[in-house]
Amino acid sequence: MTEPVFTPRVFSGIQPSGNLTLGNYLGALKRFANSQNAGVESIFCMVDLHAITVWQEPGKLRRATRELAAGFIASGIDPQKSILFNQSQVPEHTQLAWVFNCVARMGWMKRMTQFKDKAGKNAEQASLGLFGYPALMAADILVYHATHVPVGEDQKQHLELTRDIAIKFNNDYGVDFFPITEPVIEGAATRVMSLRDGTKKMSKSDPSDMSRINLTDDSDTIAKKIRKAKTDPEPLPLDATGLENRPEARNLVNIYAALSDQSVDQVMRDAGGKSFSEFKPMLADLAVDKLSPISTEMGRLMQDVCEIDRILAEGAERARAIATPILQKTYEIAGMVGARV
Ligand code: TYM
């Protein structure tokens, strides 16, 4: 059988489940804008149906979805060039997810580390949706035949599962229908760490607000969080190899590199040997310089919620135009009567 050629298409998603962090910005949003600007067809989604796999207060979810849309746009996503929408407006995601629930195996899902982390010791009390989360994620991607998915390091295992689901579907039905998607995990900031503990991921769910920079933080707060970030007592090493066993130092250098679009080696050429009392103000200035225009723009966009809702509805319509025929073809392959192909 000849391999079908899939047109390059980028898809990625973010949960509207709280504040956007510097991790989301450097690991995802900033890189999404790069792929859009490189001219690749790009589809970006606020995954509200993933968010409710754990309890979300409805009013907060609504606000977080709109704020996330504002975050996408303020980070450089142009809703004319890219497709920007929220997941629940495109029912084909959940329809394909059902098919994938029947393709994925219990054993595969049980191995997902994010389920184990989120469900914790009390897995019996976790929602069924949380367990099936990765199948919906595979559907998000494959309902567009997306070929590339830019994400942070923490999503790697979910993307491997997406590939497994595509391979098994293709094998079971004897087709070459779904592409085997490439995860795109690159750059200095694929895993931004907590400012309080360099061995833990920076996360919107960390109880300490000092552990993260939120995209809505004002300049003083950003500078204060960087000033108070945990470090060790030594000055920065002279080159990148000296960062190996120094998680906090490495994290701050990685953040500097990603914010300034430099490699870690380039940063070390300028900053190597500096004390933290010299390096932290450099980083704080850079972070304020890069992030405060984003938070200002998010605030401006949030003043016109109707416009945000209009953008999302229009994005959903464009998304459905791609997703509907792919879902219908899937149904036909699986033997559903009445599939409209
Ligand atoms: P979510 O909402 O947790 O995070 C959104 C994106 O931000 C990245 N990220 C980070 N990158 C670097 N350092 C960090 N500290 C950090 N924290 C978060 C994540 O890797 C992600 O790229 N399951 C996904 C959402 C999703 C999705 C999809 C993604 C649903 N369907 C389809 C891609 C394709 C999630 O919970 O991301």
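Predicted model: local features only at pLDDT ≥ 70, side-chain atom pairs only at ≥ 80, totals over all residues.
Biologist: What makes the span of helix H3 close to the expected one?

Modeller: Helix H3, residues 58–74, has 17 residues and reaches 24 Å from its first C-alpha to its last. The expected span is 1.5 Å times one less than the number of residues, and for H3 that comes to 24 Å.

Biologist: Which residues of H3 are called buried, and on what ground?

Modeller: The ground is a relative accessible area under 20%. In H3 the buried residues include Leu 61, Ala 64, Leu 68, Phe 72 and Ile 73, and also Glu 67.

Biologist: Why are H3 and H12 called oblique to each other?

Modeller: H3 and helix H12, residues 276–302, pack at about 130°. Angles over 145 count as roughly antiparallel and 65 to 115 as roughly perpendicular, the rest between these being oblique. H3 and H12 are therefore oblique, and their crossing is right-handed.

Biologist: What meets what there, and how do the residues divide by class?

Modeller: Arg 63, Arg 66, Glu 67 and Ala 70 are among the H3 residues that meet H12, where Ile 294, Glu 297 and Met 298 are among the partners. The contact of H3 with H12 has seven nonpolar, one polar and four charged residues.

Biologist: What makes H4 oblique to H7?

Modeller: The axes of helix H4, residues 92–101, and helix H7, residues 128–142, come within 8 Å and cross at roughly 125°. That angle makes H4 oblique to H7. The contact includes Leu 96 and Phe 100 of H4 and Leu 136 and Asp 140 of H7. Its residues divide into eight nonpolar, three polar and one charged.

Definitions and conventions:
Residues numbered from 1 in each chain as written. Heavy atoms only, no water. Helix = DSSP H or I, 4+ residues; strand = E, 2+ residues; numbered from the N terminus. Buried < 20%, exposed > 50% of the residue type's maximum accessible area, 1.4 Å probe, protein only. Axes fitted to C-alpha atoms, helices over the stretch in contact; angles between N-to-C directions. Parallel < 35°, antiparallel > 145°, perpendicular 65-115°, else oblique. Contact = heavy atoms within 4.5 Å. Nonpolar A, V, L, I, M, F, W, Y, C, P; charged D, E, K, R; others polar. Left-handed = near helix turned anticlockwise from the far one by under 90°.
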